[in-house]
Amino acid sequence: MPICVFDIYADGTTSVPTDINLTGPGAYRWWHFDLTDEMLEPWVRKHLHEIPAGSLIQKQTRPRCDKFSGGLILNLRGINMNVGQDADEMVSVRMFVENDLLITVRRKKVFAIDAIRQLAEAQNAPPSPAEFLEDLVSRLTLRVQEHVASIDEQAEFFEIDLEDKETPMPHELPEIRRSVIRLRRYLDPQRAALSKLAALDMPLIPPESQLELHEQANSALIAVEELDELRERLVSVQEEHDANVAQRQARHGYVLSVAAAIFLPLGFITGLFGVNVGGMPGTDHPWAFALLCLGMTALAVLMFAVLRWVRWI
């Protein structure tokens, strides 16, 4: 059974059909299904050609736009806004569109589709399939732009943090980098699909709709370019954090090396005077230990002065 089905008329009003025909009396009939519905596959194979039927029920999808006869096969992706799920695991919507028919299929809830469903229930649905596509693409693209903008704000925050060289690398930085990669994986083919959709020469997509879809394709291109920039910026942030860590480690290693250079001769002297054999000088002299300490202090000062003179410190 479909999630919803509406007959949508030219003025945007809707009615719920009582028949099971593929199309109805309105400007077009909208069928919306869940991919997990066991009745979906036999239904689409009964009513549609095998090519659009297969595109609607395939398990894995990528954004695409292809003409089929007088209709259109369209797959798009949107930001995953479902509770407890990662936004970059983008949700898909599979579509087959004709002049008087629109079928959408989703696996997970697509909030942009749900918003249009609410408009249909309020008797204010998009009055044509082309305007339905305009509305859907606009909502999907807007959510993508908002999500990319939120990542940009995080990247800017990370860059400001770099002013303090002691700031540790943010623990969420690697995950955000992976998120950008996953988003671009879907958005680049979606940009191509939207560009192809805007360029279609067919009665289903009138010129005024082409203009709007072209603007949405341009917005998708901007989002992809911003993701490319974000990927480079986040790589730069991580590299700078890695460089800061390497500098701190090098500085600490340098301090230890200087300390070792100073204390190496002192350790040799203490080791030499610590041997338990006869003939050690000063064993019967009450000031021998104090003199030894003073001599070692003087040697340490001399070593420090030599290291400064050769510019090791």
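Helix 4 passes helix 5 in a left-handed crossing, where left-handed means that the near helix is turned anticlockwise from the far one by less than a right angle, and right-handed that it is turned clockwise. The model is a predicted one, in which local features need pLDDT of at least 70 and side-chain atom pairs count only at pLDDT 80 or more, while totals for chains, interfaces and linings use all residues. Residues are numbered from 1 along each chain as its sequence is written, and side-chain values use heavy atoms, with hydrogens and water left out.

The axes of helix 4 and helix 5 (residues 173-198) come within 12 Å and cross at roughly 150 degrees. That makes helix 4 roughly antiparallel to helix 5, given that angles under 35 degrees count as roughly parallel, over 145 as roughly antiparallel, 65 to 115 as roughly perpendicular and the rest as oblique. Axes here are lines fitted to C-alpha atoms, for helices over the stretch in contact, and angles run from 0 to 180 degrees between N-to-C directions. On the side of helix 4, the residues that meet helix 5 include Val137, Val144, Ile151 and Phe158, and their partners in helix 5 include Leu173, Ile176, Leu183 and Leu194; contact means heavy atoms within 4.5 Å. The residues of this contact between helix 4 and helix 5 divide into ten nonpolar, four polar and no charged.

Helix 3 (residues 111-121) and helix 4 (residues 129-161) have axes that come within 9 Å and cross at roughly 135 degrees, and the two helices are therefore oblique to each other. Helix 3 passes helix 4 in a right-handed crossing.

| Residue | Relative accessible area | Class |
|---|---|---|
| Glu38 | 72% | exposed |
| Ser69 | 70% | exposed |
| Gln123 | 38% | partly exposed |

Glu38 belongs to the loop between strand 3 (28-34) and helix 1 (40-47), and its C-alpha is 8.6 Å from that of Met1, although the two residues are 37 apart in sequence. Ser69, in the loop between strand 4 (64-68) and strand 5 (71-78), has a positive phi of about 55 degrees although it is not a glycine. Gln123, in the loop between helix 3 and helix 4, is likewise not a glycine and has a positive phi of about 65 degrees.

Methods. Helices (H or I, at least four residues) and strands (E, at least two) are DSSP runs, numbered from the N terminus. Buried means under 20% relative accessible area, exposed over 50%, partly exposed in between (1.4 Å probe, protein chains only). Ala, Val, Leu, Ile, Met, Phe, Trp, Tyr, Cys and Pro count as nonpolar, Asp, Glu, Lys and Arg as charged, and the others, Gly among them, as polar.
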